[in-house]
Amino acid sequence: MASKFFFENEFPNYSSETAHFFLDDKKYGLSEKFQSKLMNFKNEKLLHLTTELKNDLFHDGTVYTGSAGMALYYLMFSMNGKNVSHDMLQQALRYIDIDNLKGKRISFLCGDAGPLAIAAVISYKFYNAKPDNLPDFHNLIKRLMNLSTLVQESPDELLYGRVGYLYALLFVNKYIGEKNGVPAIHIEKVITSILKSGKQFSQEMKSESPLLWQWHDKIYLGAAHGISGILYVLLQGRSYINADEIRRFIKPTLDWLLNQRFPSGNFPSSLKSSSGDRLVQWCHGAPGFVPLCLLAYQIFHEEKYFNIAVQCGDVIWQRGLCAKGFSICHGVAGNAYAFLQLYQVTKNGAHLYRACCFAEWCACARAGSELRRPDRPASLFEGALGRIYLAADIVNPFEAKFPAFCL
């Protein structure tokens, strides 16, 4: 072990020889042997999850720590083939609870918007075969839109705030379509409130960045609570944003943010953070910046964004076997997605190989490789479900998407 934050990466660097176990001969997909290993792991863990960890799975109804995470899992993989799997949609329904929402939090991950958005898409995907106990998707979308009464009192970030609500709206429109989904004017109002907040706080702080947001009195930079997560979701919803706003506010903020990098290529968890260059996980650090930089590269066609994404990948390869464990949020499974995102853009087998190494680390769960037991051991973002999700997702690497973050 190299430090108390990560394990030394002893996987060999990529070559045609070292990749043989993980990748097929063309290096465009996984080998049959590794696919079989992941399938066995997934099936075994899923059984354990739905039996011995069942109570923890229903800790709450959210995507992040509760049963809606399992609903999201079944929903997303119901759409893997040419035809939607109604059996998997039925499974998803078992884990969604829209009758006992608390009406306090607005986000997809930790609030009511996640279960409502997932239920709306399930309802839509059933078409004429919708179960009687499931509301029509139009009613579910209306309930989702009614959550906008919480917008003004919510923070801005992804886990609990407005950006998490924006993600839910974009999620619905991606899988239902704009014609039947959330009206553009509703999405535009949410985006306007996020940008207004960012402009006001930037002016208060006299910041060089035209947009700035805080959470719990800190200016976080990472994906979960910070600016990179906010910008990433905004850019995914860029069709609802005036091009002038993107040019004058979002892009300069992005450039300012990327200038906060450590010399190592990693990013601080927050502005003027005292914790130093130590966290390499999706919620804080380089992994959460990879999708942002790759999307920026695809939108603005500037090589610097691509280069930073690749450098982040190198940081993750060196220090991304987190001692905290295997989780999506702050562990190795979440870090594996950064390599998958790089592979999708570059088609370079080295990135897929790295993703497979990290997935193998998660599947093997060697003794002593998780130094902190997760608070919610069954959940999607902290527990076993995140590893199961990765094992199912990586089998189709070009289709893989970081759950509840990438559209």
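This is a predicted model: local features need pLDDT of at least 70, side-chain atom pairs count only at pLDDT 80 or more; totals for chains, interfaces and linings use all residues.

**Pockets and salt bridges**

Modeller: The second largest pocket holds about 330 Å³ of space. Residues are numbered from 1 along each chain as its sequence is written, and side-chain values use heavy atoms, with hydrogens and water left out.

Colleague: What makes a space a pocket, and what counts as its lining?

Modeller: The search runs on a 1 Å grid over the protein atoms alone. A pocket is an open set of points with protein on both sides within 12 Å along at least five of seven lines, and lining residues have an atom within 4 Å of a point. The volume is the space filled by probe spheres set on the points, which are joined across faces, edges and corners.

Colleague: Which helices each supply at least two residues of the second largest pocket's lining?

Modeller: α9 (227–236), α11 (290–300) and α13 (332–346). Helices here are DSSP runs of H or I, at least four residues, numbered from the N terminus.

Colleague: What classes of residue make up that lining?

Modeller: The lining of the second largest pocket has 11 nonpolar, four polar and two charged residues. Asp, Glu, Lys and Arg count as charged; Ala, Val, Leu, Ile, Met, Phe, Trp, Tyr, Cys and Pro as nonpolar; the others, Gly among them, as polar.

Colleague: Why is the contact between R376 and D56 called a salt bridge?

Modeller: The term needs a side-chain nitrogen of Lys or Arg within 4 Å of a carboxyl oxygen of Asp or Glu. The side chains of R376 and D56 meet at 2.8 Å, N to O, so the pair qualifies. R376 lies in the loop between α14 (349–364) and α15 (384–393) and D56 in helix α2 (residues 54–57), so the bridge ties together parts 320 residues apart in sequence.

Colleague: Is D56 buried or exposed?

Modeller: Buried means under 20% relative accessible area, exposed over 50%, partly exposed in between (1.4 Å probe, protein chains only). D56 has 11%, so D56 is buried. R376 has 23%, so R376 is partly exposed.

Colleague: How far apart are the closest N and O atoms of K251 and D255?

Modeller: They are 3.3 Å apart, and the two residues form a salt bridge. K251 and D255 are four residues apart in helix α10 (residues 243–258), so about one helical turn separates them.

Conventions:
On a 1 Å grid over the protein atoms alone, a cavity is a set of points where a 1.4 Å probe fits but cannot get out, and a pocket is an open set with protein on both sides within 12 Å along at least five of seven lines; lining residues have an atom within 4 Å of a point.
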